[in-house]
Amino acid sequence: MLELLEVYATKLGPVKSAFLATTFTWLVTALGASLVFFFKEIKRSVFDTLLGFTGGVMIAASFWSLLAPSIKHSENIFPNYPWIPAAVGFLLGGLFIFALDKFMPHLHINFNKSESEGVATKWHKSTLLLLAITLHNIPEGLAVGILFGAASMGMEGASISAAIALAIGIGIQNFPEGMAVSMPLRRQGVSRRKSFWYGQLSAVVEPVAGVIGAVAVIYMQNILPYALSFAAGAMIFVVVEEVIPETQRDKYTDLAVLGFMAGFTVMMILDVALG
């Protein structure tokens with residue numbers, strides 16, 4: 001099955017492959033959001049475990065799928081200092097999301113409206129929650145697109161199968177993200193249809209970011225190792241600033257940690273076995 005996907009992705013080219021892969025991650029988000037048609041809420045213990053799983057997938061993907069190939073490729077550019085592109089790109093990625101975090105109004109999942117971040121606004125809580133998950137999804141889409149672009153350029157350490165594995169991993173962790181938006185909205189009295197709409201809408205940005213990432217590395221080959229580590233830095237910032245704090249606001253912190261370890265393990269296995 002993987003071989004067929006690799007052949008198909010190779011024929012399509014990196015941009016179309018990135019678009020289809022990130023469309024898949026968006027659809028998985030929609031699948032998670034669709035649970036709102038069957039349940040009004042989800043137990044907090046389950047929710048925190050799934051959030052922890054999301055963080056584990058993102059941390060593992062940041063290293064195995066992005067930073068490691070960046071360093072490997074940089075050995076040919078900076079044989080004595082192969083860590084330079086990885087370090088520079090990583091820091092820039094974190095600063096990029098930091099800037100968006102300070103500018104874009106948003107509200108983390110388990111926080112009160114008074115704790116909203118970004119520019120002050122009177123927007124509804126549901127809109128702020130949607131923007132928070134959207135901010136979360138930008139680096140994920142970029143990561144998939146950049147890795148497909150890097151693989152198409154023959155970058156050492158990057159491959160089509162690794163890009164597919166990354167898309168699968170992000171898709172898996174997007175399932176609880178869809179619930180993370182739709183379920184709280186439903187509890188607030190929003191209709192099931194609107195709750196689902198906002199839940200799936202949070203991941204629409206992923207195909208856009210995926211195409212941008214693939215196009216960027218194709219036309220600017222010299223930034224390949226920087227682009228990979230940039231996506232890694234952006235994802236790490238999201239995990240530390242958003243995902244982990246959201247799992248530490250109740251009594252299920254141990255379950256969240258176990259979920260984190262499970263997510264890390266799943267993504268590591270996917271990348272090593274498939275990539």
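Residues are numbered from 1 along each chain as its sequence is written, and side-chain values use heavy atoms, with hydrogens and water left out.

The protein chain holds 10 helices and zero strands, where helices (H or I, at least four residues) and strands (E, at least two) are DSSP runs numbered from the N terminus. Of its 275 residues, 52% are buried, a term that stands for under 20% relative accessible area, with exposed meaning over 50% and partly exposed what lies in between (1.4 Å probe, protein chains only). The average pLDDT, the predictor's confidence in each residue from 0 to 100, is 84 for the chain, and 89% of the residues score at least 70. Confidence is lowest in helix 1 (residues 2-12), with a mean of 71, and highest in helix 2 (residues 14-33), with 92. Where pLDDT is low, the predicted coordinates should not be read in detail.

In helix 2, the end C-alpha atoms are 28 Å apart, which agrees with the 28 Å that its 20 residues should span at 1.5 Å a residue; the expected span is 1.5 Å times one less than the number of residues. Among the buried residues of helix 2 are P14, A18, A21 and T25.

Helix 6 (residues 160-187) has 28 residues and reaches 41 Å from its first C-alpha to its last, close to the expected 40 Å. Within helix 6, a kink of about 30° lies at N174, shortly before the proline P176, the bend being the angle between axes fitted to the seven residues ending at a residue and the seven starting there. Helix 6 is mostly covered, with 24 of its 28 residues buried, and just after this helix G189 takes a positive phi of about 100°.

Two further residues show contrasting surroundings. L92, in helix 4 (residues 83-103), counts as partly exposed because its relative accessibility is 46%. E242, placed in helix 9 (residues 224-247), is buried, with a relative accessible area of 2%. Between E242 and G55 there are 187 residues in sequence, yet their C-alpha atoms are 9.3 Å apart in space.

Note on methods:
Predicted model: local features only at pLDDT ≥ 70, side-chain atom pairs only at ≥ 80, totals over all residues.
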